[in-house]
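We will walk from the whole chain to its core, then to some rings, a pocket and a few loops.

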Amino acid sequence: DRIVFSRRDAGGHHVLWLVHGDGSGAVALTDGGATVGDGNGDRQAAFAPDGQTIVFVRRSSAATATLCLCDVATGAVTVRYAPTGEVAWPRIAPTADRIWFGLAEPGLGRQTLRLAHVPLLDGDPTLLWPDERWRYQGLDFLPAAPAAPDADPAERLDVTLAEYSVAAAANAFGGASQFVDDDGNEYYLRTIDSGGRQLAAINGRFDLPVAEPDDALEVHVTVKLRTSRADGDSVLRISLRNPVDSRYDTAVELPVASTDEQTLAFRTSSLRHVSSANTFQFNVIADLAPGAQADVWIDLIEVLLVPRAVE
């Protein structure tokens, strides 16, 4: 019998209010945070299924927002996740075990809002939809939406057992042993001219040790690499093989900030990127601006699997 809504003051700052269903008893629930100004403050609120908690977005600039929880009884606000970027349109699952929301983290190579979920109380977010081509605009749940499956601890896959192939390079040197540790023992690629740009890329294919594709609850990928050029509109990219739509989807794209080592990383629970044969494929690409050939060194490829718990 209550409604939560966001009220804008004369300066454009937003705070959350509660009101009874008949319109009586309106009361301010939050203060909107310390950052004032048009569009900032507390917005996009939604109740938990039991009505005792509210999830909302606290915006502090046009491109920065945090995911917050508010206790309805006390008004106490807890920051649940503070990205270097923004969140939008959160909803708590009917089973109250997860929060679903839009997440954009430009500093990690994801410019647009992508569908993500995070455990209600602690833990890091995971992308359900890692591809950049869709922008998250909101969601709702079927009442019978199930709880998250129980998971066993994450296990690091043996990268030396994966299959690798050179997708683009003038020449390459090394083997899977170079990917095991971030130790300076690097796999080497020399770029090749492609459409006026300089490209170097490898493909990786991992067999996931699960009985069925949906037993792979999450896959975490981390890649560390560097280039000999950092000029122009050069970027580093990880794209995932999407066997459902027969294409590659970009999960991470970062500008080449320097010739120092850079880290590309993501976590996904997308079954669209796990094949019916329990394989997970991605490519690592250095897409450099037009110019001279460049060197690319890959020092680490780490893949973690979070499997469904064995009953």
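## First stop: the pocket

Select three strands to begin: β9 (98–105), β10 (110–119) and β18, each of which supplies at least two residues of the lining of the largest pocket. Keep in mind that you are looking at a predicted model. Which of the strands gives the most to this lining? It is β18, with 4 residues.

The space inside the largest pocket comes to about 610 Å³.

## Step back: the whole chain

Zoom out and switch to a cartoon view. How many helices and strands does the protein chain have? There are 0 helices and 23 strands. Turn the model around slowly: along its principal axes, the C-alpha trace spans about 75 × 50 × 35 Å.

The protein chain has 311 residues, and 49% of them count as buried.

## Into the core

Next, select Val221, Ile238, Phe280, Phe282, Ile298 and Ile301. They have the most contacts inside the largest nonpolar core, which has 39 residues. To see where this core comes from, colour the elements that give it two or more residues: β15 (187–190), β17 (197–207), β18 (216–227), β19 (235–242), β20 (247–255), β21 (262–268), β22 (279–288) and β23 (295–307).

Centre the view on Ile238. Leaving aside residues up to four places away in sequence, what does Ile238 touch? Its partners are Val221, Val223, Asp249, Thr250, Ala251, Val252, Leu264, Phe266, Phe282 and Asn283.

Then look for another core, which lies apart from the largest one. This other core has 17 residues, and you can find it by selecting some of them, including Tyr81, Ile99, Leu103 and Leu127.

Time for the aromatic side chains. A pair of aromatic rings is described by the distance of the centres and the angle of the planes. In this model the count is 7 aromatic pairs.

Start with Phe179 and Tyr187. Their ring centres are 5.2 Å apart and their planes stand at 35 degrees, so this pair is tilted. Both Phe179 and Tyr187 are buried.

Move on to Tyr188 and Trp297. Here the centres are 6.2 Å apart and the planes are at 50 degrees, so this pair is tilted. Tyr188 lies in strand β15 and Trp297 in strand β23, so the pair ties together parts that are 109 residues apart in sequence.

Is Trp297 buried or exposed? Trp297 counts as buried, because its relative accessibility is 18% and the cut-off for buried is under 20%.

## Backbone and loops

Most residues other than glycine have a negative phi. Trp89 is not a glycine, yet it has a positive phi of about 45 degrees. You will find Trp89 in strand β8 (residues 86–92), and it is partly exposed, with a relative accessible area of 33%. Ala96 also has a positive phi, near 60 degrees. Ala96 sits in the loop between β8 and β9 and counts as partly exposed at 32% relative accessibility.

In the loop between β16 (192–194) and β17, select Gly196, which is partly exposed, with a relative accessible area of 32%. Draw a line from Gly196 to Leu225: they are 29 residues apart in sequence and 23 Å apart in space, C-alpha to C-alpha.

Finally, go to Ser275 in the loop between β21 and β22. Ser275 counts as buried at 15% relative accessibility. What does Ser275 touch, not counting residues up to four places away in sequence? It touches Pro213 and Pro243.

How values were computed: Residues are numbered from 1 along each chain as its sequence is written. This is a predicted model: local features need pLDDT of at least 70, side-chain atom pairs count only at pLDDT 80 or more; totals for chains, interfaces and linings use all residues. Side-chain values use heavy atoms; hydrogens and water are left out. A nonpolar core is a set of buried Ala, Val, Leu, Ile, Met, Phe, Trp, Tyr and Cys residues joined through side-chain atoms within 4.5 Å. Buried means under 20% relative accessible area, exposed over 50%, partly exposed in between (1.4 Å probe, protein chains only). Contact means heavy atoms within 4.5 Å. Rings of Phe, Tyr and Trp (its six-membered ring) pair if their centres lie within 6.5 Å; planes under 30 degrees apart count as stacked, over 60 as edge-to-face and the rest as tilted. On a 1 Å grid over the protein atoms alone, a cavity is a set of points where a 1.4 Å probe fits but cannot get out, and a pocket is an open set with protein on both sides within 12 Å along at least five of seven lines; lining residues have an atom within 4 Å of a point. Grid points are joined across faces, edges and corners, and a volume is the space filled by probe spheres set on the points.
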